[in-house]
Amino acid sequence: MWKFSIVSIGLILSFSQILIEASGDSNSSNCPRIKLKRQWGGKPSTIINYRPVPVKYVIIHHTVTKECFKFLDCAEILQNMQHHHMSVSDFDDIAYNFLIGNDGVIYEGTGWYVRGAHTYGYNQNGIGIGFIGNFMEKLPNRKALKAAKELLACGVAKGALDPHYELLGATQVSSTKSPGLTLYNEIQEWDHWSAHK
């Protein structure tokens, strides 16, 4: 009974935060601009699974696609990725909560409050951030890395991300090489990176 009540309260608080943000009354004016899914030509989710916030984990990925440096190129990559995730992988939406291009723009995937499908075991209590490109041998550019750090600070300011969140590379929690060895080494220098997983 108590477990159900706590989960219900968490969902109500999450939904209240969504309504506050939709009305423009968010207390997170320092957040970076995020291109909404409809702005990059994304389709709506087939099923929306809200989750309680704040979440505890941030999982960093790379998409292993071409890189993009302009909005139209990034949008095309995201549209194709969403189509693949929904049609081939049978996901409800694009897998990631957010994606970041080398244009320095943050692109909304499922966003802060809807569960993604980025990392088994971490979708309900984790934010999946995908850097657009392949970062085995090189880093995303400075604009992309700066955008990611601003997004993380924004998540904490919004109350969507636990102030004591743990930052992980996808390779730490699943059998993948994501986010690429070079990017993985970079994030180990970031605040909140956790080696214990």
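This is a predicted model: local features need pLDDT of at least 70, side-chain atom pairs count only at pLDDT 80 or more; totals for chains, interfaces and linings use all residues.

Residues are numbered from 1 along each chain as its sequence is written, and side-chain values use heavy atoms, with hydrogens and water left out.

**The whole chain**

Start with a cartoon view, where you can trace five helices and six strands; helices (H or I, at least four residues) and strands (E, at least two) are DSSP runs, numbered from the N terminus. Followed from the N terminus, the elements run α-β-β-α-β-β-β-α-β-α-α. Of the 197 residues, 46% are buried, where buried means under 20% relative accessible area, exposed means over 50%, and partly exposed lies in between (1.4 Å probe, protein chains only).

Now select strand 2, residues 55-62, which is largely enclosed by the rest of the structure because seven of its eight residues are buried.

Which strand pairs with strand 2 over five bridges? It is strand 6, and this pairing is also in the parallel sense. Select valine 55 to see it opposite leucine 161, and then valine 58, which stands opposite leucine 167. Strand 6 covers residues 161-169, and seven of its nine residues are buried, so it too is largely enclosed by the rest of the structure.

**Helix 3**

Next, select residues 142-158, the 17 residues of helix 3, which reaches 24 Å from its first C-alpha to its last. This is close to the 24 Å expected at 1.5 Å a residue, the expected span being 1.5 Å times one less than the number of residues. Among the buried residues of helix 3 are Ala144, Leu145, Ala148, Leu151 and Leu152. Just after the helix, glycine 159 takes a positive phi of about 85°.

**Lysine 37**

Move to the loop between strand 1 (34-35) and strand 2, where lysine 37 is placed. Is lysine 37 buried or exposed? Lysine 37 is buried, with a relative accessible area of 11%. Leaving aside residues up to four places away in sequence, lysine 37 touches several others, including Lys43, Asp93 and Glu108; a contact means heavy atoms within 4.5 Å.

**Aromatic rings**

Finally, show the rings of Phe, Tyr and Trp (its six-membered ring), which pair if their centres lie within 6.5 Å, with planes under 30 degrees apart counted as stacked, over 60 as edge-to-face and the rest as tilted. By this rule there are four aromatic pairs. One of them joins phenylalanine 71 and tyrosine 107, whose centres are 6.4 Å apart and whose planes meet at 15°, so the pair is stacked. Phenylalanine 71 lies in helix 2 (residues 71-87) and tyrosine 107 in strand 4 (residues 106-108), so the pair ties together parts that are 36 residues apart in sequence. Phenylalanine 71 counts as partly exposed at 30% relative accessibility, whereas tyrosine 107 is buried at 0%.

Definitions and conventions. Two strands pair if DSSP finds at least two bridges between them.
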